[in-house]
Amino acid sequence: MIKDENIKLMPTVALRGLVVFPDMFIHFDVGREKSINALKQAMDTDQKIFLVTQKDISEDDPGFDGLYEIGVVANVKQVLKLPGKSGNVRVAVEGLFRARIIQGVEGKTDYLRAMVFAIDEPAVRSENKDYERALVRHTKDVFAEYSDCAPQMPADLIAGVMQKSGAGELADYIAGNIMLEYEDRQRILSTVNPIKRLEEMCVLLASEGNLLSIEADISEKVQEQIDKNQREYYLREQLKVISEELGGGVSQEEELDGFRQAIFELNAPDEIKEKLFRECDRLEKYSSQSPEAAVSRNYIETCISLPWNNIKPENTDIAKSRKILENDHYGLEKIKKRILEYLSVRVLAPEIKGQIICLVGPPGVGKTSVARSIARATGREYVRISLGGVKDEAEIRGHRKTYIGSMPGRIISAMQQAGTSNPLILLDEVDKLSSDYKGDPTSALLEVLDPEQNSTFRDHYIEMPFDLSRVMFITTANVESNIPAPLIDRMEIIELGSYTAEEKFHIAKKHLIPKQIKRHGLTASRLRISDKAIRLIIDGYTREAGVRALEQQIAAICRKAAAKIVEDGAEKISVKPEDVESFLGTRKFKEDSFVRENEVGVVNGLAWTSVGGDMLEIETAVLKGTGKLELTGSLGDVMQESAKAAVSYIRSKADSLPINGSFYKDSDIHIHVPEGATPKDGPSAGVTIATSLVSALSGRKVRKDVAMTGEITLRGRVLPIGGLKEKSMAAYRAGIKTVVIPYDNLSDLDEVDPAVKEKITFKPVKTVEAVWDIALEKEAEPAEAKMKAIEVRKGSRASIAQ
């Protein structure tokens, strides 16, 4: 209970970073006007003043909320005005007893006043006397250890500590005279119980003693290093002078100093810098003319040139990125959408690891150029690595620097070329990798393309972990099946299909023609190619999935136009459809030589190739014989098995079909796929062979505007196939109106180009009978028509895959 006689209104001084204890004599300077006025008020009355520490030493005019609750009532012994115009005073005070602020008094006075009451220190109980003596003795022992570590400890302070016998006075005396943070001193002052106060002081002493011991060790090590550095500096200066006298130019010491300075400025982890500094020390011991010195010098230069944590700001402006992608490429909506999604994620989650995308598609569809466009859209540096024909693991990981002529691998070299830690690296033709006795580069790429591992990628040459997690890797391939499965598992596959004729037209007009005109020194006003001429070039001079050959034909026109301008003095050249032949020669591709009228035994099949889809006729002839089955046209094992399965199924259904039930005994069957020099294989020609065979046996004609694909079973089921997008594109180019597909491939129609779906009707089927209902005419023609010869289609063929 607080007694009224213990409460008193007193002038108050807020101390900044200073704590005063009872029985402590101290002098300090006072500069704040309120504090000086409070001192004047104390000197005018009973010379008593309340001193309390402020919580935040940076606050110039603290209120009572900014003061600690417990302070000390002190007796003002002396006040001296300091010389100068500042008005500061130096005051000497003696602490009397602890006091607690009851309430700050707000008023019109120009100094702080507070209602305070004196705190009586509780006496130590008799049962705690022994504990107090033991605690005092232990504290003195701890203080002795502290004084051994403390620099220049006054002897009178040590003697004063040894003379104290009470727990409270010993804690106050030590806390008031050793170096402590003001928060720790305030904690001691605020602890009223003397036993607990000395316990707190004992813990602080032990902690401060430990810190002083560590500081002493650090100081000793620093001094040793300073002495060593001074000696080394003196010796280096002597060597530098000697080298200049002997040879002139840049000395090895100057070169090493440059290396060390560059290493010091690297934004690399400390362990990387330490290794490079050790390499510099090793180079210093070598003769400048020795081979080892050259190896070490090249190694240091390579490591210094790498972009250690050098991150280039990334473009996250979605509108700007969309504009760049649209300007650079026509179509390719899937890849554009994917890149914009990636940038959107980067805006929301900047720390997301680099993405790994694999662009799969036939040659010439823009895989490499779209990667360059993505680099522009994202604001990243662009580096291309060609992997075609790479078969040595050291090409990826580098050679160890101990070998003569060793160098880092292609990944580290690409980072060195980029100059940033977050470039876009294009790994071109990843499906063309091979391996030999020197190692498998595919296995080396597993770590590079794994976001969970590539943050610590180790090249054999630099032999230090290098962070590739910020790199955006884009790979390209023509055939997905040629990519090893572990690599596919680490990449997001995006397929770039064949272009339609309309897409090629827009690409040529917006991109290829302006590009070639500029490359050949022409202008749009001097060379103009009409729209009809462009379409004629596409249809009559190119037959490809991409636009590479189309660009070559446009380049040929530009060359000939340039020759006419230079040689003949022509000012403007206009290329119309009738002029194309004079520029490019005779038309290479006529109208498709596929079936243009309904015939017996001839069916339009659909093929998938590494350069896109293709049309492929299948012909069947039924001859008098003994039941032989002849298969020609360089057919692979799988395709031959599909033909045998078709024959077996038709035999099983002979009774329900309008055919001779004993054809397998009375007739020879010859199935031929034109262009016999080109190997062909795959199961997807099953329904085509079966339809051709039924047509030849029954004399029913096959519709010329129908094409088909699908695998057949011995039960007549039609199984799904791959490459539907490319096959449907081939049908579109050939003018096919109806395409029969397996029912299970319905979901793949989402990938088919909208222009194709607009022109072609897709008929999903589950059985081969449904195929016959769609493709075969109802009326049979005379039997002699079954033997009609079919003209072989011109143009290249490729394997019926998948």
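Q: Which residue does aspartate 467 meet in a salt bridge in this predicted model?
A: In this predicted model, the side chain of aspartate 467, which at 23% relative accessibility counts as partly exposed, takes part in a salt bridge with an N to O distance of 3.3 Å. The partner is likewise partly exposed, with a relative accessible area of 30%, and the residue that aspartate 467 meets is arginine 470.

Q: How many residues apart in sequence are the parts that the pair of aspartate 60 and arginine 16 ties together?
A: Aspartate 60 and arginine 16 form a salt bridge whose closest N and O atoms are 3.4 Å apart. Aspartate 60 lies in the loop between β3 (48–53) and β4 (70–81), whereas arginine 16 lies in the loop between β1 (7–15) and β2 (25–30), so the parts tied together by this pair are apart in sequence by 44 residues.

Q: Is aspartate 60 buried or exposed?
A: The cut-off for exposed is a relative accessible area over 50%, and aspartate 60 has a relative accessibility of 56%. Its salt-bridge partner, arginine 16, is partly exposed at 39%, but aspartate 60 itself counts as exposed.

Q: How many salt bridges does a search of the whole structure find?
A: Among the residues involved, Arg98, Glu121, Asp172 and Arg197 are linked in a network of salt bridges. Over the whole structure, the number of salt bridges found by the search is 35.

Key
Residues numbered from 1 in each chain as written. Predicted model: local features only at pLDDT ≥ 70, side-chain atom pairs only at ≥ 80, totals over all residues. Heavy atoms only, no water. Salt bridge = Lys/Arg side-chain N within 4 Å of Asp/Glu carboxyl O. Helix = DSSP H or I, 4+ residues; strand = E, 2+ residues; numbered from the N terminus. Buried < 20%, exposed > 50% of the residue type's maximum accessible area, 1.4 Å probe, protein only.
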